[in-house]
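Biologist: I am new to this structure and would like a short tour. Could you take me through it?

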Amino acid sequence: MKESKDKIVKLGIIGLGWRTEVLLVSLFAIDAVEISAICDLSDKAVAKIKSIFLKSGRPIPAAFNNYNDLLQKNDIDAVLIPTSWNSHLPIAAAAMKAGKYTAIEVGGASSTEELWQLVHASEGTGAHCMMLENCCYARNELMILNMARQGLFGELIHCCGGYEHDLRDELIPRMKEGFERTFHNKYRNCDLYPTHQLGPIAKILNINRGNRFLSLVSMASKSRGLGLYVKDHSGRESQESEIAFNKGDVVTTIIKCAGGETITLTHSVSLPRPYSRNGRVQGTRGIWLEDVDGIHIEGISSSTKEFDVSGNPYTVHHWDTVQSFYDKYDHPIWRDYKDNIVGGHGGMDCLALMAFIDAVRHKIAPPIDVYDCAAWMSVTCLSEQSIALGSMPVAVPDFTNGKWIKRESVPINKWSLTNVYKD
Ligand SMILES: NC(=O)c1ccc[n+]([C@@H]2O[C@H](COP(=O)([O-])OP(=O)(O)OC[C@H]3O[C@@H](n4cnc5c(N)ncnc54)[C@H](O)[C@@H]3O)[C@@H](O)[C@H]2O)c1
C-alpha cells in the first residue's frame, strides 16, 4: 500500500463513532492518506479518536464540533462521513458544495427528496460522492462479478440479496444511549439497510449503466423479535417491556429492472440466525448461492443420472464449492490481497477505502457514484411506502434522468466495479 508522496490525500472525517474506530485501522495502513481534520458533535467521541491518534504516534488532527467549520478548510481534499442515517446525506451534499470528494457510509434514505438533493449537489458542483459499500469488494462478490462478466452465468435473470444479521444484542442495549438505528427499527417499517448485497448485485446487473431499477413491491412480516428480546432481558413487568417496534422481523422486497431481471431483498435483524447476505446470482447458464456456499455452472459442474422407484431416469445437478473457482476466477484485486489482508470485515473495508482514495488522487469518478448511492438507498424509503400502501408497487425514480441508457465510459482503473481490469 505504498504510494508516491506527491499525491497524499488530506482527509477530513465527520462522525467519530464505532465505525470510524474500525475504519482507522485501514486508513492508518494506506500511505496515500493523511487525516488532517476530525469532527463530531460529541466531545467524548472527539477525545476518544484523539487518544487513538496519540497511541499510534500520529499527529493529532484539527478537531471540530461543527462540520461546516471542517468543510471550510481549504487544505482538505476529501471527506469521509460515517455519521448515521439521518445526517450523512445532508452533510454529503454540503461537502460536495464545499468542493470536496465525498464518501458516505452505508444505510438507507428517509426520502427520495434527500437523494435528489445529493444528486443535484454532485451535478451542480461536479464533485463526486462515493458510498463506501465495502461488500462490493468482498472476495466472493468480486469473483462473481468477474465470472458474470466472462459470461459464465449466461444471461442474468434473477438475483437475491439481504442483510440477515441478528442485531438484537446491539440494538436493544444501545437504545438507552439514543442509538439512532434502534429508533429506525422502532418507528419505521421497511428495508432499513439494503445496500450490502444490493450494491454488488446492482453492479453485476449494470444498474445506471444500461439498466435501472423500475419499480418495487415490499411486504413486512409481523414484528416480534425486538419486543421479545426486551421482555426477556428487562423483565416482563418493567415499563421498557411495553415498547413496541414497528419494523417487521422479515421484510421482503422485490425489485423489477428495466432489463427484465428481478431482485429479491431480505432485511432481517431481529430474529436468531447466523449472518448472511443471502447472495444469489442466477442466469441461463448457472447460479451462485451464498447460503449453500455453492456455484453450479452448466457444462462445468457435475450432474448425475439417477432413477426413481419405477426405474425412470432423472438428472440431479450438483453444487461445486465457491472456493473451487478461486484458482481460475478470483478477481485480480484479490489475487495478491488475499495474502496481505488489512483491517475490518475480512479486508473489504480497506479495499473500499483504497478505491475512494485512488479516485481522489487521480481526480476520476469513483467506482460507486452519486447515482448508485441514490438508487441503492432509495429502496429504504420506497419499501416503506410500498408497505404502508399494503404492498402496492412503487416506481423507483430515474436519478440519472435518462443518462442510464448511454452513460459516459468508466475510467480504466483496477477498482472499477463495471469492468474487470487487471491493473
Ligand atoms: N460498512 C459497514 O460494514 C458498516 C458497519 C457498521 C456501521 N456502518 C455505518 O457507519 C455509520 C456510523 O455507524 P456507527 O455505528 O459508528 O454510528 P454511531 O451512531 O455510533 O456514530 C455516529 C457518530 O456520528 C456523530 N454525528 C451525528 N451527527 C453528526 C453531525 N451532524 N456532525 C458531526 N457528527 C455527527 C455522532 O455523535 C456519533 O459519534 C452508519 O451509517 C452505519 O450504517 C457501516
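This is a predicted model: local features need pLDDT of at least 70, side-chain atom pairs count only at pLDDT 80 or more; totals for chains, interfaces and linings use all residues.

Biologist: In what order do the strands of the open sheet come?

Modeller: The order is S16-S13-S12-S11-S7-S10-S9-S8-S17, which makes 9 strands with mixed pairing. Strand S16 (320–321) and strand S17 (394–395) are the edge strands, each pairing on one side only.

Biologist: How many bridges join S7 to S11?

Modeller: Strand S7 (residues 156–164) and strand S11 (residues 280–283) run antiparallel and are joined by 4 bridges.

Biologist: Now the hairpin. How many residues lie between S14 and S15?

Modeller: There are 5 residues between S14 and S15, and Gly311 in the turn has a positive phi of about 85°. Strand S14 (residues 303–307) pairs with S15 in the antiparallel sense over 5 bridges, and Phe307 stands opposite Pro313 in S15.

Biologist: Why does S15 count as lying largely in the open?

Modeller: Strand S15 (residues 313–317) has 5 residues and the number buried is 0, so the strand lies largely in the open.

Biologist: Changing topic: at what angle do H5 and H14 pack?

Modeller: Helix H5 (residues 112–125) and helix H14 (residues 370–388) pack at about 175°, with axes 9 Å apart. Angles over 145 degrees count as roughly antiparallel, so H5 is roughly antiparallel to H14.

Biologist: Which residues make that contact?

Modeller: Among them are Leu115, Leu118 and Val119 of H5, together with Val370, Ala374 and Met377 of H14. By class, the contact has 9 nonpolar, 3 polar and no charged residues.

Biologist: What about the ligand: which residues come nearest?

Modeller: Of the 24 residues around the ligand, Gly15, Gly17, Arg19, Thr83 and Glu105 come nearest. The shell divides into 10 nonpolar, 10 polar and 4 charged residues.

Biologist: Last one, Asp40. Is it buried or exposed?

Modeller: Asp40 counts as buried because it has 22 C-beta neighbours inside 10 Å, and 20 or more is the cut-off. Asp40 sits in the loop between strand S2 (33–39) and helix H2 (43–56).

Biologist: Which residues is Asp40 in contact with, leaving aside neighbours within four places in sequence?

Modeller: Those contacts are Gly15, Leu16, Ala45, Val46 and Asn65. Gly15 was also named among the residues nearest the ligand.

Definitions and conventions
Residues are numbered from 1 along each chain as its sequence is written. Axes are lines fitted to C-alpha atoms, for helices over the stretch in contact, and angles run from 0 to 180 degrees between N-to-C directions. Helices (H or I, at least four residues) and strands (E, at least two) are DSSP runs, numbered from the N terminus. Angles under 35 degrees count as roughly parallel, over 145 as roughly antiparallel, 65 to 115 as roughly perpendicular and the rest as oblique. Two residues are in contact if their C-beta atoms, placed from the backbone, lie within 7 Å. Ala, Val, Leu, Ile, Met, Phe, Trp, Tyr, Cys and Pro count as nonpolar, Asp, Glu, Lys and Arg as charged, and the others, Gly among them, as polar. A residue is near a molecule or strand if its C-beta atom, placed from the backbone, lies within 6 Å of it. A residue is buried if 20 or more other C-beta atoms lie within 10 Å of its own, exposed if 12 or fewer, and partly exposed in between; C-beta atoms are placed from the backbone. Two strands pair if DSSP finds at least two bridges between them.
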